[in-house]
Amino acid sequence: MPRYEYRCRTCGDTFELNRPMAESSAPADCPSGHPDTVKLLSTVSVGGSASAAAPAPRAGGGGGGGCCGGGCCG
């Protein structure tokens with residue numbers, strides 16, 4: 001279940017709630033009981049290591065990936 005971070009506008013405390021994505025925009029009271037809270041924009045942290053290198057460009061092929069770089073645009 002996703003974890004969302006909120007900040008209370010009354011007391012300034014930040015807190016987290018585990019709730020379903022369907023309820024992410026629902027109001028959340030702070031632990032002190034204040035109803036005036038705002039959901040914060042959170043960053044995602046993923047563990048592990050990035051050891052894979054980016055693929056080398058193809059010889060004589062120009063642009064690379066993406067729609068327009070791959071020649072599918074008209």
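The following paragraphs go through a predicted model of one protein chain, from its overall makeup to single residues.

Residues are numbered from 1 along each chain as its sequence is written, and side-chain values use heavy atoms, with hydrogens and water left out. Because the model is predicted, local features need pLDDT of at least 70 and side-chain atom pairs count only at pLDDT 80 or more, whereas totals for chains, interfaces and linings use all residues.

The protein chain holds zero helices and three strands, and its elements run β-β-β from the N terminus on. Helices (H or I, at least four residues) and strands (E, at least two) are DSSP runs, numbered from the N terminus. Of the 74 residues in the chain, 12% are buried; buried means under 20% relative accessible area, exposed over 50%, and partly exposed in between (1.4 Å probe, protein chains only). The accessible surface comes to about 5900 Å², and carbon and sulfur atoms account for 53% of this surface. Accessible areas come from the Shrake-Rupley method with a 1.4 Å probe; for residues, only the protein chains shown count as cover. Among contacts (heavy atoms within 4.5 Å) between residues at least 6 apart in sequence, 28% join residues at least 24 apart.

The largest nonpolar core has six residues: Y4, Y6, C8, F15, A28 and C30. Strand 1 (residues 3–8) gives the most to this core, with three residues. A nonpolar core is a set of buried Ala, Val, Leu, Ile, Met, Phe, Trp, Tyr and Cys residues joined through side-chain atoms within 4.5 Å. Nonpolar side chains tend to be buried together in soluble globular proteins. Leaving aside neighbours within four places in sequence, C8 is in contact with D13, F15, C30, H34, D36 and T37.

T37 belongs to strand 3 (residues 37–39) and is buried, with a relative accessible area of 18%. A polar atom of the T37 side chain lies 2.4 Å from the backbone oxygen of A28. With neighbours within four places in sequence again left aside, the contacts of T37 are R7, C8, R9, F15, A28, D29 and C30.

R19 sits in the loop between strand 2 (14–18) and strand 3. R19 is buried yet has no salt bridge, and the nearest side chain of opposite charge, E23, is 4.6 Å away. For charge, Lys and Arg count as positive and Asp and Glu as negative, while His and the chain ends are not counted. A salt bridge is a side-chain nitrogen of Lys or Arg within 4 Å of a carboxyl oxygen of Asp or Glu. The R19 side chain does reach the backbone oxygen of A26, at 3.0 Å. Beyond neighbours within four places in sequence, R19 is in contact with residues including M1, Y4, Y6 and A28.

The structure holds two salt bridges. One joins the side chains of E16 and R3 (2.9 Å, N to O), linking distant parts of the chain, with E16 in strand 2 and R3 in strand 1, 13 residues apart. E16 counts as partly exposed at 44% relative accessibility, and R3 as exposed at 52%. In the other, D36 pairs with R9, the closest N and O atoms being 3.7 Å apart. D36 lies in the loop between strand 2 and strand 3 and R9 in the loop between strand 1 and strand 2, so this pair ties together parts that are 27 residues apart in sequence. D36 is partly exposed, at 35% relative accessibility, and R9 is exposed, with a relative accessible area of 52%.

Methods. Polar contact = N/O pair within 3.5 Å; in protein donor to acceptor, adjacent residues only side chain to side chain.
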